Amino acid sequence: MTDAQQRLKEKLTEEIKQAMKAKDKIRLETIRSLKKVILEKEVEVRPKGQTELTPEQELEVLAQQAKQRRDSIEQYRQGGRDDLADKEAQELAIIETYLPRQLSTEEIEGIIEQIIESVGATSPKDMGKVMGPAMKELKGKADGKQVQEIVKAKLG
């Protein structure tokens, strides 16, 4: 087990203890669910000869969990369930503490402009040429939906 992975698991375990002591129910539930998803993913990769997740896979799991919360917030708000949306927003804020800093819209636009220039994209038909490198570059640092909207706007 690498130091980074061990640290994430240990950090989650330690923060579960802290949340229990602080009687912080929402934080406790969120961290427990993160740890559960990471452990489930580890079991999933074992048949492939992998004993634990790589830091990239852990980041992917965390990003997936954040995306699920964002989607839920949107759906709950549309359904008029602000109480549930608020709970999801609190969970999202906790999950985001484990993710790399999210880039600002301006930073994302700058990276996308460089990619557009480097691949020679000129029209909306070139969106595929741009999205692949953009998502690879921005993985874990920006929401995919936001990246797609910016690429569309730049090529449109």
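The model is a predicted one: local features need pLDDT of at least 70, side-chain atom pairs count only at pLDDT 80 or more, and totals for chains, interfaces and linings use all residues. Residues are numbered from 1 along each chain as its sequence is written, and side-chain values use heavy atoms, with hydrogens and water left out.

I begin with the helix pairs. Helices here are DSSP runs of H or I with at least four residues, numbered from the N terminus. Axes are lines fitted to C-alpha atoms over the stretch in contact, and angles run from 0 to 180 degrees between N-to-C directions.

Helix α2, residues 25–45, and helix α3, residues 55–78, have axes that come within 10 Å and cross at roughly 130°. That makes α2 oblique to α3; angles under 35 degrees count as roughly parallel, over 145 as roughly antiparallel, 65 to 115 as roughly perpendicular, and the rest as oblique. On the α2 side, S33, L34, V37, I38, K41 and V45 meet Q57, V61, L62, Q65 and R69 of α3, where contact means heavy atoms within 4.5 Å. By class, this contact has 6 nonpolar, 3 polar and 2 charged residues. Ala, Val, Leu, Ile, Met, Phe, Trp, Tyr, Cys and Pro count as nonpolar, Asp, Glu, Lys and Arg as charged, and the others, Gly among them, as polar.

Next, α3 packs with helix α4, residues 82–96, at an angle of about 160°, their axes 8 Å apart. That makes α3 roughly antiparallel to α4. The residues in contact include R69, I73 and Y76 of α3 and L84, E91 and L92 of α4. They divide into 9 nonpolar, 2 polar and 8 charged.

I turn now to the salt bridges, each a side-chain nitrogen of Lys or Arg within 4 Å of a carboxyl oxygen of Asp or Glu. By this rule, the count comes to 20. In one of them, E29 pairs with K87, the closest N and O atoms being 3.7 Å apart. E29 lies in α2 and K87 in α4, so the pair ties together parts 58 residues apart in sequence.

Which residue forms a salt bridge with R69? The partner is E91, with the closest N and O atoms 2.6 Å apart. R69 is in α3 and E91 in α4, so this pair ties together parts 22 residues apart in sequence. Both R69 and E91 are buried, that is, under 20% relative accessible area, with exposed over 50% and partly exposed in between, using a 1.4 Å probe and protein chains only. Finally, salt bridges that share partners join K25, E29, R69, K87, E88 and E91 into one network.

Technical notes:
Helices (H or I, at least four residues) and strands (E, at least two) are DSSP runs, numbered from the N terminus.
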